[in-house]
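Please work through each task before reading its solution.

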Amino acid sequence: MERIIILTSTNNHYAKYLAVMLNSLLENKVSSQLIDIYIIDGGNLSAQNKVKLEKSLQRFNVIPQFLFINANLYDDLLVNRYYSIEMFCRISIPDLLPESFHKALYLDCDLIVKEDITNLWETNIDDYYVAAVYDANDKRRKKLLIPKERGYFNSGVLLINLKKWREHDISTKVLQFIKDNPSKLLYPDQDGLNVVLQDKWLKLDEKWNVRANRMNKINTKPAIIHFTGKNKPWNGNPPCRKGYLKYLAKTEW
């Protein structure tokens, strides 16, 4: 049986939130399918926080593996308090994993998983480069000249076909677009991925990436709640904050 491959990226500021996300994921996984967790370190994650992350997952008998990525790879990109190295790391995921891995699931730190992640993992993406949830952001789609029928997706949850991605050198194409079009970008990694993969992605059920501020606008039970925007459970009172705090209490923080 194929192991579930989970990837995420973090720094010292987001390590605690990552521990919460991983606890929610592992606590709600009920299948017997084995899981591997890889945490991308762009050079801003301390040894102390790595230990705390490891201890936060001990009760699940899961040992996260840390993948170091050279931040110089993103030297030509705009990096500041809003655009971090860790944000760009998802673009390089296929280059960080062994060639024998054909699929991987990327998850942002600022979310909680409410359903067995195995159900998402088993989505067939053989004919696509990535599967993601549609984001009704027409302003971004129009700015990037993406046709309406192709839509625009949120990059916080990405089920990646590593084989297709590598074969067509998607990482290089996305990074090049970001470098060449700074004036067009608002969410650099997400915008770049949408342009390059605009006709190559599978639309997932919206339950797999529900923005917390849209909880009262959907007709489905969320499987993943994503705390997008400035109103986070650690600095405000967004919907589902109680759920976040429940998992936080089970971490080393």
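**Exercise 1. Determine how many residues of helix 9 are buried, and which elements they pack against.**

Step 1. Helix 9 spans residues 188-196; helices (H or I, at least four residues) and strands (E, at least two) are DSSP runs, numbered from the N terminus. The model is a predicted one, in which local features need pLDDT of at least 70 and side-chain atom pairs count only at pLDDT 80 or more, while totals for chains, interfaces and linings use all residues. Residues are numbered from 1 along each chain as its sequence is written, and side-chain values use heavy atoms, with hydrogens and water left out.

Step 2. Apply the accessibility classes: buried is under 20% relative accessible area, exposed over 50%, and partly exposed in between (1.4 Å probe, protein chains only). Nine of the nine residues of helix 9 are buried, among them Pro188, Gly192 and Val196.

Step 3. Identify the neighbours by contact (heavy atoms within 4.5 Å). The buried residues of helix 9 pack against helix 3 (85-88), helix 6 (138-143), strand 7 (153-161), helix 7 (162-167) and helix 8 (170-180).

**Exercise 2. Classify Asp110 and Lys232 as buried or exposed, and locate both residues.**

Step 1. Asp110 forms a salt bridge with Lys232, with 2.6 Å between the closest N and O atoms.

Step 2. Asp110 is in the loop between strand 4 (103-107) and strand 5 (111-113), whereas Lys232 is in the loop between strand 10 (224-226) and helix 10; the two are 122 residues apart.

Step 3. Asp110 has 10% relative accessibility and therefore counts as buried. Lys232 has 8% and therefore also counts as buried.

**Exercise 3. Describe the surroundings of Ser92.**

Step 1. Ser92 is in the loop between helix 3 and helix 4 (93-96) and is buried, at 2% relative accessibility.

Step 2. Leaving aside residues up to four places away in sequence, Ser92 touches Ile69, Leu73, Tyr74 and Ser171.

Technical notes. Salt bridge = Lys/Arg side-chain N within 4 Å of Asp/Glu carboxyl O.
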